[in-house]
Amino acid sequence: MIRFKGGAPRTGRSRTSSWGPTASWGPDHCPLLRRALACGLPPTVLGALGTGLALHVGRSLLREVRRNRTIARTAQRMLRPPPRVDGLAVAAVQLSADRGARIGGDLYEVVATEYGVRVVIGDVRGHGLGAVPTVDAVLAGFREAVHDEPDLAGVLRRLERAMDRHLRERARAERLSARAGHAFRTAEEFVTVLLLEILPDGEMRALNCGHPWPHLLSGPRAEPLARADPLPPLGPFPLPAELPVVACAPLLPGDTLVLHTDGAEDARDADGRFFPLPEVLASAAREAEPTPQAVLRTILTALVHHTGDPPKDDVALLILRNERPSPRAPSGTGGAARSGTTDLSPTSPLQHPA
């Protein structure tokens with residue numbers, strides 16, 4: 001309960017309410033209460049005034065908390081992928097660096113389209129609820145573009161335009177609020193993005209703008225999906241005229257793909273040592289049945305054990321496992337062979353397994 005006192009405010013740490021803000025108020029906190037005291041109003045009037053102010057402040061705080069919780073729940077639902085997308089089993093989690101928040105500046109999405117299953121994972125500058133508008137802008141652009149654009153380069157161009165529109169709107173809002181002393185931050189805004197396309201036969205293509213490469217778990221091995229240098233993040237600089245789509249190793253039936261944001265690999269323990277993500281993934285790959293849920297549980301358990309505290313940065317993990325039926329092996333072979341090259345010709349419409 002928020003209390004008003006007639007004397008000078010206490011020094012030191014004041015009591016906090018269940019909402020989190022300071023719960024002990026004095027005349028210095030409220031000009032109206034200070035003026036009432038100077039006028040010598042009776043104690044009953046002062047008490048009624050204090051009660052009214054307390055109720056007004058409490059209701060305002062409660063409305064703000066409810067609004068933030070609604071935003072968080074909505075954004076969390078937006079980031080919750082279905083457990084299965086066109087034969088791919090999916091599991092995902094996001095950890096926010098803001099205490100008590102369920103979402104942050106990381107984003108991911110998995111969508112089945114006529115061009116294949118398309119995936120995005122990204123990391124917005126900053127964390128917590130402040131990054132949600134940029135996350136929403138990027139995801140909205142992705143969800144619209146993946147069904148319209150026949151190639152990944154077109155999807156990335158659309159994401160760049162969505163980010164540009166968002167930054168222009170932010171800049172206008174900042175100019176309007178500059179008189180209130182708000183700092184200009186639009187010029188510092190950026191987002192790392194990894195776009196991935198998984199074809200019906202498991203072949204994969206990627207475009208990477210400053211994001212960590214995923215890891216492919218195939219048999220007992222866990223290896224980076226690619227090692228090509230990424231493009232710059234979206235925001236500070238325009239995309240180059242040519243967008244080199246990277247041909248990746250295929251995601252064969254039984255293989256698992258682990259996508260993550262840099263909050264996972266940059267997490268440190270009390271001695272400043274980085275989280276050994278490759279070693280943890282190699283351990284997960286050796287499990288008898290590396291389902292997405294099992295891989296996710298292995299990573300999270302190791303991460304919590306390593307840091308011992310909540311993450312200092314947002315962390316997102318997205319796990320995909322190919323559970324499509326294995327193609328019939330060619331005569332004289334023991335199974336499907338992993339191709340060393342990728343055909344970048346236009347793809348046929350997505351074929352849904354029976």
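1. Residues 24 or more positions apart account for 68% of the contacts with a separation of 6 or more in this protein. The model is a predicted one. It comprises 7 helices and 13 strands. Of its 354 residues, 44% are buried. The protein exposes about 18,900 Å², of which carbon and sulfur atoms supply 55%.

2. The open sheet deserves attention. Its 5 strands follow the order S5-S6-S7-S8-S11, with antiparallel pairing. S5 and strand S11 (246-248) are the edge strands, each pairing on one side only. From one strand to the next, the twist averages 20 degrees. As background, strands of a sheet pair through backbone hydrogen bonds, in either a parallel or an antiparallel manner.

3. Within this sheet, S7 and S8 are joined in the antiparallel sense by 6 bridges. Glu-197 has Arg-205, in S8, as its bridge partner. Helix H3 lies across S5, S6 and S7, and runs at about 10 degrees to S5.

4. The largest nonpolar core contains 27 residues; Leu-107, Phe-142, Leu-156, Val-191, Leu-195 and Leu-234 have the most contacts inside it. Two or more residues each come from strand S5 (106-113), strand S6 (116-124), helix H3 (132-145), helix H4 (152-177), strand S7 (191-198) and strand S8 (204-209). H4 gives the most to this core, namely 7 residues. In soluble globular proteins, nonpolar side chains tend to be buried together.

5. Leu-216 belongs to strand S9 (residues 215-218). Is Leu-216 buried or exposed? With a relative accessible area of 9%, Leu-216 is buried, because the cut-off for a buried residue is under 20%. Leu-216 and Ala-282 are 66 residues apart in sequence, and their C-alpha atoms are 9.8 Å apart in space.

6. The structure holds 13 salt bridges. One of them joins Asp-86 and Arg-324, whose closest N and O atoms are 3.0 Å apart. Asp-86 lies in the loop between strand S3 (84-85) and strand S4 (88-95), and Arg-324 in the segment after strand S13 (315-322), so the pair ties together parts that are 238 residues apart in sequence. Asp-86 counts as buried at 11% relative accessibility, and Arg-324 counts as buried at 8%. In general terms, side chains of opposite charge can pair when their charged atoms come close.

7. A further salt bridge is formed by the side chains of Glu-109 and Arg-143, at 2.7 Å from N to O. This pair links distant parts of the chain, with Glu-109 in strand S5 and Arg-143 in helix H3, 34 residues apart. Glu-109 counts as buried, at 11% relative accessibility, whereas Arg-143 is partly exposed, with a relative accessible area of 26%.

8. Arg-321 forms a salt bridge with Glu-323, and the closest N and O atoms of this pair are 3.9 Å apart. Arg-321 is buried, with a relative accessible area of 10%, while Glu-323 is partly exposed, with a relative accessible area of 34%.

Technical notes. Residues numbered from 1 in each chain as written. Predicted model: local features only at pLDDT ≥ 70, side-chain atom pairs only at ≥ 80, totals over all residues. Heavy atoms only, no water. Core = buried A, V, L, I, M, F, W, Y, C linked by side-chain atoms within 4.5 Å. Buried < 20%, exposed > 50% of the residue type's maximum accessible area, 1.4 Å probe, protein only. Helix = DSSP H or I, 4+ residues; strand = E, 2+ residues; numbered from the N terminus. Pairing = 2+ DSSP bridges. Axes fitted to C-alpha atoms, helices over the stretch in contact; angles between N-to-C directions. Contact = heavy atoms within 4.5 Å. Areas by Shrake-Rupley, 256 points an atom, 1.4 Å probe, with all protein chains shown as cover. Salt bridge = Lys/Arg side-chain N within 4 Å of Asp/Glu carboxyl O.
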